[in-house]
Amino acid sequence: MILDELDDETTNYAILSHRWGVEVTYEEMIGLMTMEEGKRVAVKNRYGYQKIIKSCEQAKEDGYKWLWIDTCCIDKRSSAELSEAINAMYRWYQNARVCYAYFNDVDESVFPTEEDNSKFDRSNGWPEWFMRGWTLQELIAPEQVEFFNKDWVLIGNKQRLAPTLQDITGIPRDVLTHGLAGKRLSVAQFMSWAAQRKTTRVEDRAYSLMGLFGVNMLMLYGEGKNAFRRLQLEIIKETSDHSIFAWG
């Protein structure tokens with residue numbers, strides 16, 4: 001986990017935000033050159049491997065020596081490393097010099113500015129990236145977010161697209177362009193941004209919000225909906241905002 005070895009506050013690095021598909025794991029990446037040739041070819045032909053290569057090429061083109069990708073930079077065999085990474089995730093995205101947001105379901109070379117249920121019927125008329133739980137913090141935390149279509153064509157950035165992003169996500173333009181610092185936002189506002197988003201694991205509905213609220217929790221996959229109750233308790237310790245009780 002490179003960001004565990006380097007100082008994420010002083011290191012210039014890019015970071016990837018994306019919708020998971022068939023990915024390449026940390027174990028596969030570090031063992032790539034020593035694995036049997038047939039297996040290596042299969043991994044390299046995988047959709048997730050091509051995504052890694054393309055994002056690395058983009059980072060290199062932009063002058064970055066380091067790129068962090070959640071799929072292959074966390075050893076998920078280690079529960080301690082996974083817990084540490086999830087608790088640090090918001091900070092890592094916040095400190096990245098640029099975040100590449102990859103839309104695997106956008107073919108056009110322009111950012112979609114109108115709801116299209118025929119094209120994005122599984123995600124409320126917008127690219128699926130906007131409906132995932134983890135991508136909420138990945139949109140808010142970094143100062144610079146660049147959006148790419150499925151062919152890695154740049155289709156816009158967060159600063160210029162802030163009005164459209166506000167319409168899609170409900171997140172105020174000022175938060176999108178200047179971050180959360182100094183903002184007086186209620187717990188209910190944060191929760192409303194996440195309300196329609198989905199996560200593969202039930203627990204990630206809570207874990208993906210920790211950074212936005214500035215709290216930390218142990219990861220207990222298997223606890224189900226209790227994760228959200230634990231999140232509420234941690235938030236209550238930090239705020240007297242009673243709007244939290246409107247969300248269960």
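Trainee: What should I keep in mind about the numbering and the model before reading any feature?

Mentor: Residues are numbered from 1 along each chain as its sequence is written. The model is predicted, with local features needing pLDDT of at least 70 and side-chain atom pairs counting only at pLDDT 80 or more, while totals for chains, interfaces and linings use all residues.

Trainee: What is the order of the strands in the open sheet?

Mentor: Strands of a sheet pair through backbone hydrogen bonds, either parallel or antiparallel. Here strands (DSSP runs of E, at least two residues, numbered from the N terminus) count as paired if DSSP finds at least two bridges between them, and the five strands of the open sheet follow the order E2-E1-E3-E4-E5 with mixed pairing. Strand E2 (66-68) and E5 are at the edges with a single partner strand each, so one side of each has no neighbour in the sheet. Strand E1 (residues 13-18) runs parallel to E2 and is joined to it by three bridges, and Tyr 13 stands opposite Trp 66 in E2.

Trainee: Is Trp 152, with its positive phi, buried or exposed?

Mentor: Buried means under 20% relative accessible area, exposed over 50%, and partly exposed in between, with a 1.4 Å probe and protein chains only. Trp 152, whose phi is about 65 degrees although it is not a glycine, lies in the loop between strand E4 (145-148) and strand E5 (154-157), and it counts as buried at 12% relative accessibility. Asn 124 also has a positive phi, near 55 degrees, but it is partly exposed at 43%.

Trainee: Which residues are closest to the centre of the largest cavity?

Mentor: A cavity is a set of points on a 1 Å grid over the protein atoms alone where a 1.4 Å probe fits but cannot get out, and lining residues have an atom within 4 Å of a point. The largest cavity holds about 120 Å³ of space, the volume being the space filled by probe spheres set on the points, which are joined across faces, edges and corners. Of its 11 lining residues, the closest to the centre are Met 191, Ala 194, Ala 195, Arg 205 and Leu 209.

Methods: Side-chain values use heavy atoms; hydrogens and water are left out. On a 1 Å grid over the protein atoms alone, a cavity is a set of points where a 1.4 Å probe fits but cannot get out, and a pocket is an open set with protein on both sides within 12 Å along at least five of seven lines; lining residues have an atom within 4 Å of a point. Helices (H or I, at least four residues) and strands (E, at least two) are DSSP runs, numbered from the N terminus.
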